[in-house]
Amino acid sequence: MYFLGLGIVLLLLKWQEIGLVAEWSWWTVLAPFALAVVWWTWADWSGYTKRKAMERDDQRKQDRINRHLEAIGQKPREARRR
């Protein structure tokens with residue numbers, strides 16, 4: 001996501017011809033977009049995206065369990081560490 005944000009900022013600076021970026025080649029300005037594509041491809045291929053989604057779901061589930069335990073007056077459990 002950082003590559004995408006950087007690419008948008010550099011693109012706007014190049015388009016408006018602001019600062020040093022106006023002198024850079026278009027290849028340099030557009031490189032963060034290519035890096036974003038490479039990152040997303042690797043993240044999907046390696047399972048990083050799915051693993052992070054599962055961790056968020058597990059944390060949400062544990063938070064919900066802890067809220068319910070507190071509501072009935074029991075001490076909440078800590079999240080399991082792997």
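## Contacts, helix packing and salt bridges

Leaving aside neighbours within four places in sequence, Asn-66 is in contact with Pro-76 and Arg-77. The model described here is predicted. Asn-66 has its place in helix α3. Its relative accessibility is 15%, so Asn-66 counts as buried, the cut-off for that class being under 20%.

Two salt bridges are found in the structure. One of them joins Glu-55 to Lys-52, and the other pair is Asp-57 with Arg-60. The distances between the closest N and O atoms are listed below.

| Glu-55 | Lys-52 | 3.6 Å |

Where do Glu-55 and Lys-52 lie? Both belong to helix α3, which spans residues 48–71. Three residues, or about one turn of the helix, separate Glu-55 from Lys-52. Asp-57 and Arg-60 are likewise placed in helix α3, three residues apart, and so about one helical turn separates them.

How accessible are the residues of these pairs? Glu-55 has a relative accessible area of 41% and is therefore partly exposed. Lys-52, at 34% relative accessibility, is also counted as partly exposed. For Asp-57 the relative accessibility is 43%, which means that Asp-57 falls in the partly exposed class. That class covers values between 20% and 50%.

**Packing of α1 against α2**

Two packed helices are described by the angle between their axes and by the distance between those axes. Helix α1 covers residues 2–15 and helix α2 covers residues 26–46. The two pack at an angle of about 160°, and their axes are 8 Å apart. Because of this angle, α1 runs roughly antiparallel to α2, a description that applies to angles over 145 degrees. The crossing of α1 past α2 is left-handed.

Which residues of α1 meet α2? On the α1 side they are Phe-3, Leu-4, Leu-6, Gly-7, Ile-8, Leu-10, Leu-11 and Lys-14. On the α2 side, the residues they meet are Trp-26, Val-29, Leu-30, Pro-32, Phe-33, Leu-35, Ala-36, Trp-39 and Trp-40. Sorted by class, the contact of α1 with α2 consists of 15 nonpolar residues, one polar residue and one charged residue. Gly-7 in α1 takes part in this contact, and Gly is counted as polar. Lys-14 in α1 also takes part, and Lys is counted as charged.

Notes
Residues are numbered from 1 along each chain as its sequence is written. This is a predicted model: local features need pLDDT of at least 70, side-chain atom pairs count only at pLDDT 80 or more; totals for chains, interfaces and linings use all residues. Side-chain values use heavy atoms; hydrogens and water are left out. A salt bridge is a side-chain nitrogen of Lys or Arg within 4 Å of a carboxyl oxygen of Asp or Glu. Helices (H or I, at least four residues) and strands (E, at least two) are DSSP runs, numbered from the N terminus. Buried means under 20% relative accessible area, exposed over 50%, partly exposed in between (1.4 Å probe, protein chains only). Axes are lines fitted to C-alpha atoms, for helices over the stretch in contact, and angles run from 0 to 180 degrees between N-to-C directions. Angles under 35 degrees count as roughly parallel, over 145 as roughly antiparallel, 65 to 115 as roughly perpendicular and the rest as oblique. A crossing is left-handed if the near helix is turned anticlockwise from the far one by less than a right angle, and right-handed if clockwise. Contact means heavy atoms within 4.5 Å.
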